[in-house]
Amino acid sequence: MQLVNLPEEFKLALPVMGQIEQAGFEAYFVGGSVRDILLGHKIHDVDIATSAFPAEIKAIFPRTIDIGIEHGTVLVLHQDEQYEVTTFRTESTYQDFRRPDHVEFVRSLTEDLKRRDFTINAFALKDDGEVIDLFDGLIDLKEHVLRAVGNPHERFHEDALRMMRGLRFVSQLGFSFEIETFDAISENHTLLEKISVERIYVEFSKLLLGKFRNQAIRFLVETECYLYCPGLRYYGEALLRFADLKPIMFTTVAQAWTVLFEQMGIGQKLIRPFLKEWKASNDLIQEVQALSWGLRVRQEHLLRPWEIYQLGLENSLAVEALMPFYNLAPARDEVAKIYAALPIKHLRELEINGNDLLQKFTLKPGKWLKDILSQLEYQVVTGSLKNDAKALLDAAQEILRAGEQN
């Protein structure tokens, strides 16, 4: 197969390919970028594979960075772009089902492509547009099939994460597994026990954001790979309910987790410990906690000013985007108008602060400061009190008097 027009991203990299070839070595575009151009998808990273060894690449180019030289990868800096250039290689046994015991650099493209995971990722593309397809990946691409290169059991024993990658490709591409590949995943799913949580998290997050997420989730359950995803072991039925929801794409991982937790019946107090098992960031955890609270409130009634204020505009709109899952119409415009009309958007915009209260009242610092500021904040946001320093101080005095009487 010959590609007539290479995408701009490939054209920019042609001088790098040319320099490698002028030095007497082979060079090809490889990996997901070749697959994506064949599918007509947007290209992200442009990777180059070569018969040149790392030291030879470093001798060709004046600006390089060793980013994975032990695995044959050198980052080549060319003009304003940078490209990962990796030497053809074969890999030994994988005793830990994650990393090869050692890597051997070779001069053969065929030997290099034989170690790829799926046929649709085993293409090589020459600088003249010729597609090298040694494993009938073009047929699988046309038929929307995910097939392991060679023996699927060997591929998954080499790197068990490939099973999760396959499920992620189902979600992103809408492909189905070839039967032997599917059976191999089902038989070898226990190998995921050897894979770090961080690596599984990356693939699962991408899976959640795919257009064909529902089918991928079903396969996740059918192959029993979900048993080795932190915390999901006892939620097979909930995952299938999640897979039965409308096939609407999530914009963020936080939205996906929010809906999944709702299906699983995971409450506010359990969100943090659950996501900590996944080694999720604190920022994501806080976002999911906010969205989960907002989703519960929104299913009861339209978001009100105080709720929108607490969530913030971005999270409020993110909650509205989830409404079609629950057969409710999103109220994005209404939320945006309410937010725009809020007298303050943050506590720091209140016309007085803790120091003003300490100067006004002869009391020692303590919990009372936070309590009063919270009450004033609520009254201002809900419109029962004007954001004016005198009015706020007078209201604070009334709060203190009421507290003394109680």
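**Close-up views of the predicted model**

**View 1. Arg 165 in helix H7.** Arg 165 sits in helix H7, which spans residues 161-173. The model shown here and in the other views is predicted. With a relative accessible area of 23%, Arg 165 is classed as partly exposed, because the partly exposed class lies between the buried limit of under 20% and the exposed limit of over 50%. Leaving aside neighbours within four places in sequence, the residues in contact with Arg 165 are Asp 117, Asn 121 and Glu 203.

**View 2. Arg 35 in helix H2.** Arg 35 belongs to helix H2, which covers residues 32-39. Its relative accessible area is 8%, so Arg 35 is buried. Sequence neighbours within four places aside, Arg 35 is in contact with Ile 120, Asn 121, Phe 123, Leu 141, Phe 169 and Leu 173. Asn 121 is also among the contacts of Arg 165. Helix H2 itself lies across strands E1, E2, E8 and E9 and runs at about 65° to E1.

View 3. An unreviewed UniProt entry carries the annotation "binding site" for Gly 32, Arg 35, Arg 116, Asp 159, Arg 162, Arg 165 and Arg 168. From this set, the lining of the largest pocket takes in Gly 32, Arg 35, Arg 116, Asp 159, Arg 162, Arg 165 and Arg 168.

View 4. Seven strands form an open sheet in the order E3-E4-E5-E2-E1-E8-E9, and their pairing is mixed. Strand E3 (64-68) and strand E9 (131-132) are the edge strands, each pairing on one side only. Helix H1, residues 8-22, packs on the sheet and touches strands E1 (27-30), E2 (47-50), E4 (73-78), E5 (81-87) and E8. The direction of H1 makes about 150° with that of E1.

**View 5. Pairing of strands E8 and E9.** Strand E8 (residues 124-125) is joined to E9 by 2 bridges, and the two strands run antiparallel. Ala 124 has Ile 132 in E9 as its bridge partner.

View 6. Ser 51 is located in the loop between E2 and helix H3 (54-60). Ser 51 counts as buried because its relative accessibility is 5%. The side chain of Ser 51 reaches the backbone nitrogen of Glu 26 at 2.8 Å. Apart from neighbours within four places in sequence, Ser 51 is in contact with Phe 25, Glu 26, Glu 56, Phe 88, Val 106 and Arg 107.

Key. Residues numbered from 1 in each chain as written. Predicted model: local features only at pLDDT ≥ 70, side-chain atom pairs only at ≥ 80, totals over all residues. Heavy atoms only, no water. Pairing = 2+ DSSP bridges. Helix = DSSP H or I, 4+ residues; strand = E, 2+ residues; numbered from the N terminus. Contact = heavy atoms within 4.5 Å. Axes fitted to C-alpha atoms, helices over the stretch in contact; angles between N-to-C directions. Buried < 20%, exposed > 50% of the residue type's maximum accessible area, 1.4 Å probe, protein only. Polar contact = N/O pair within 3.5 Å; in protein donor to acceptor, adjacent residues only side chain to side chain. UniProt positions renumbered as here; feature names shortened; annotations may be inferred. 1 Å grid on protein atoms, 1.4 Å probe; cavity = no way out; pocket = protein on both sides within 12 Å on 5 of 7 lines; lining within 4 Å.
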